[in-house]
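Student: Can we go through the charged side chains in this one? I'd like the pairings and the accessibility.

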Amino acid sequence: LSSGINAEYGVSLPKRFMHKKQGQKLLSTAAGVKLKPGKIAVWEAEFDTIQDKKRSLQDPVRRLEHELKQSMEANHRLEQENDMLVQHLTQSQVNMRHQLDDLEKRNLDLKRDMTKMTSSYHETVESNAALSAEILRTKNLYHSSLIEGDDERARHKTTIQEYHNICRALEERHEKEKQELKSRSYRK
């Protein structure tokens with residue numbers, strides 16, 4: 001606990017707070033304290049002033065060495081972050097390239113399917129037009145056959161009627177002749 005606070009705030013805790021229970025008690029007490037934002041700003045300003053005084057009292061060589069060390073650490077940290085960002089960017093670009101390749105392949109497949117469907121559609125339309133023409137021709141043929149059949153039936157009916165009339169006339173004539181023959185044979 002004390003090493004973390006020392007590293008974070010640059011202060012050391014008294015020995016009595018180095019024990020775990022005492023450190024927890026200190027933290028709970030610190031967390032329970034309610035401060036006004038104005039007081040915190042005043043304390044921050046005082047702390048910055050004290051730190052500036054400490055820096056000005058330090059040996060300039062040591063101060064510059066310390067600042068150089070901090071700058072180098074910050075530079076190293078930034079380079080690591082930059083390397084991580086470059087790696088992340090490169091990985092993102094690779095993933096996007098794979099996705100783009102997949103999408104282009106899918107696009108080609110869809111275009112190919114659309115071409116097949118378009119040609120199939122045109123073939124179907126042509127086939128439907130041919131079938132419609134065939135149906136129309138068949139209907140016309142059926143109607144003409146039906147009309148011809150009706151005409152022929154009417155002709156046959158007329159022929160049959162004429163035949164019946166002829167047969168009746170012949171029967172009547174035959175009956176008359178038969179009667180005449182009978183009456184002649186009786187007369188003789």
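**Salt bridges and exposure**

Tutor: Start with Arg 112, which counts as partly exposed at 46% relative accessibility; buried means under 20% relative accessible area, exposed over 50%, and partly exposed in between, with a 1.4 Å probe and protein chains only. This is a predicted model, where local features need pLDDT of at least 70 and side-chain atom pairs count only at pLDDT 80 or more, while totals for chains, interfaces and linings use all residues. Residues are numbered from 1 along each chain as its sequence is written, and side-chain values use heavy atoms, leaving out hydrogens and water.

Student: Which side chain does Arg 112 meet in a salt bridge?

Tutor: That of Asp 109, at 3.2 Å from N to O. A salt bridge here is a side-chain nitrogen of Lys or Arg within 4 Å of a carboxyl oxygen of Asp or Glu. Asp 109 is partly exposed, at 27%.

Student: Where do Asp 109 and Arg 112 lie?

Tutor: Both are in helix 4 (residues 60-187), three residues apart, about one turn of the helix. Helices are DSSP runs of H or I with at least four residues, strands are E runs of at least two, and numbering goes from the N terminus.

Student: OK, and what about Arg 155, buried or exposed?

Tutor: Exposed, at 51%. Arg 155 forms a salt bridge with Glu 152, with 3.4 Å between the closest N and O atoms; Glu 152 is partly exposed at 39%.

Student: How many salt bridges in the whole structure?

Tutor: Eight. Among the linked residues, Arg 97, Asp 101 and Glu 104 form a network.
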